[in-house]
Amino acid sequence: MTKPGSEPPIMLQNRLFYRGRKFNFDVNTLRLPNGVEGDWECIRHPGGALVVPVTSEGKLVLVKQYRFAVEGRTLEFPAGTVEPHEDPAETIKREIEEETGYRAHRWQKLGQFILAPGYSDEIIYAFLAQDLEKLETPPEQDDDEDIDTILMTPQELEQAILDGEPVDAKTISSFLLAKPHLQF
């Protein structure tokens with residue numbers, strides 16, 4: 001898959017520094033398009049899928065999730081890592097059920113964006129989910145997930161963002177993509 005804004009550098013030396021469960025960390029010697037050579041670090045990530053779920057009452061379904069890296073809970077739209085050879089649309093259909101206990105019957109692709117291009121190649125694929133059904137028996141969450149489901153109006157989420165509450169960047173970006181489809 002060609003990445004947005006693709007203009008690859010010339011690889012002078014490729015070194016895998018660390019292979020992790022969800023991503024790899026490379027330190028490579030590169031020649032950039034402007035001719036500068038040097039060592040650069042990069043997190044290599046398979047990508048993520050995110051959903052903006054909207055109830056029939058116009059409420060957004062979010063999760064408040066414990067994140068060890070920030071040592072606290074963040075407000076987020078449901079999301080998950082794209083597995084090898086998996087379509088992001090399949091990833092998010094699984095994740096919405098696991099993380100929120102809802103199933104969506106109407107889907108729309110909102111777009112995609114690069115999450116943190118200064119140090120990672122991760123792309124987020126964003127979707128809008130409507131016509132939600134609350135599952136009687138939701139699938140089990142992953143062992144490392146500590147999640148509470150939160151319902152908010154679009155206005156409440158926007159105010160939380162403006163007030164500086166801990167809302168992650170992928171949620172803020174996806175909210176902007178979803179706004180034309182939401183009732184304010």
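Me: Before anything else, what counts as a helix or a strand here?
Reply: Helices are DSSP runs of H or I with at least four residues, and strands are DSSP runs of E with at least two. Both are numbered from the N terminus.

Me: Good. How many helices and strands does the protein have?
Reply: Three helices and 11 strands. From the N terminus on, the order is β-β-β-β-β-β-β-β-α-β-β-β-α-α.

Me: What kind of model is it, and how are residues numbered?
Reply: The model is predicted, so to speak of local features pLDDT must be at least 70, side-chain atom pairs count only at pLDDT 80 or more, and totals for chains, interfaces and linings use all residues. Numbering starts from 1 along each chain as its sequence is written, and side-chain values use heavy atoms, with hydrogens and water left out.

Me: What are the overall dimensions?
Reply: Along the principal axes, the C-alpha atoms fill a box of roughly 55 × 35 × 30 Å.

Me: And what share is buried?
Reply: 41% of the 184 residues. Buried means under 20% relative accessible area, exposed means over 50%, and partly exposed is in between (1.4 Å probe, protein chains only).

Me: Which domains are assigned?
Reply: Domain 1 (10-44) and domain 2 (48-115 + 125-181). The bounds come from an automatic or database domain assignment. Taken over C-alpha atoms, the domain centres are 31 Å apart.

Me: What does UniProt say about residues 43-179?
Reply: An unreviewed entry carries the annotation "domain: Nudix hydrolase" for them. Positions follow the numbering used here, feature names are shortened, and annotations may be inferred rather than shown by experiment. In the model, residues 43-179 are 23% helix and 40% strand. Their end C-alpha atoms lie 30 Å apart.

Me: Switching to pockets. What is a pocket here?
Reply: Work on a 1 Å grid over the protein atoms alone. A pocket is an open set of points with protein on both sides within 12 Å along at least five of seven lines, where a 1.4 Å probe fits. Lining residues have an atom within 4 Å of a point.

Me: How much space is in the largest pocket?
Reply: About 1400 Å³. A volume is the space filled by probe spheres set on the points, with grid points joined across faces, edges and corners.

Me: Which residues are nearest its centre?
Reply: K22, H45, R67, F68 and T81, out of 40 lining residues. Several elements supply at least two lining residues each: β6 (60-67), β7 (72-76), β8 (79-81), α1 (88-100) and α3 (169-178).

Me: How does that lining split by class?
Reply: 16 nonpolar, eight polar and 16 charged. Nonpolar covers Ala, Val, Leu, Ile, Met, Phe, Trp, Tyr, Cys and Pro; charged covers Asp, Glu, Lys and Arg; the others, Gly among them, are polar.

Me: Why does the largest pocket lie between the domains?
Reply: Because domain 1 and domain 2 both give residues to its lining.

Me: What about the second largest pocket?
Reply: It holds about 700 Å³ of space. Its lining has 24 residues, with P9, C42, R44, P117 and D121 nearest the centre. The elements giving two or more residues to this lining are β3 (24-31) and β4 (37-44). β4 gives the largest share, four residues. By class, the lining divides into 13 nonpolar, five polar and six charged.

Me: Now β10. Why is it called largely enclosed?
Reply: Nine of the 12 residues in β10 (residues 123-134) are buried, so the rest of the structure largely encloses this strand.

Me: Which strands pair with β10?
Reply: β5 (residues 48-53) pairs with β10 in the parallel sense, over six bridges. β9 (residues 102-114) pairs with β10 in the antiparallel sense, over 11 bridges. Pairing needs at least two DSSP bridges between the strands. In β10, L128 stands opposite V52, and I123 stands opposite I114.

Me: Which phi value does D131 have?
Reply: Near 55°, a positive value in a residue other than glycine. D131 sits in β10 and is partly exposed at 48% relative accessibility.

Me: And where is E71?
Reply: In the loop between β6 and β7. E71 is exposed, with a relative accessible area of 68%. Most residues other than glycine have a negative phi.

Me: Last one: is L30 buried or exposed?
Reply: L30 is buried, at 11% relative accessibility. L30 is in strand β3.
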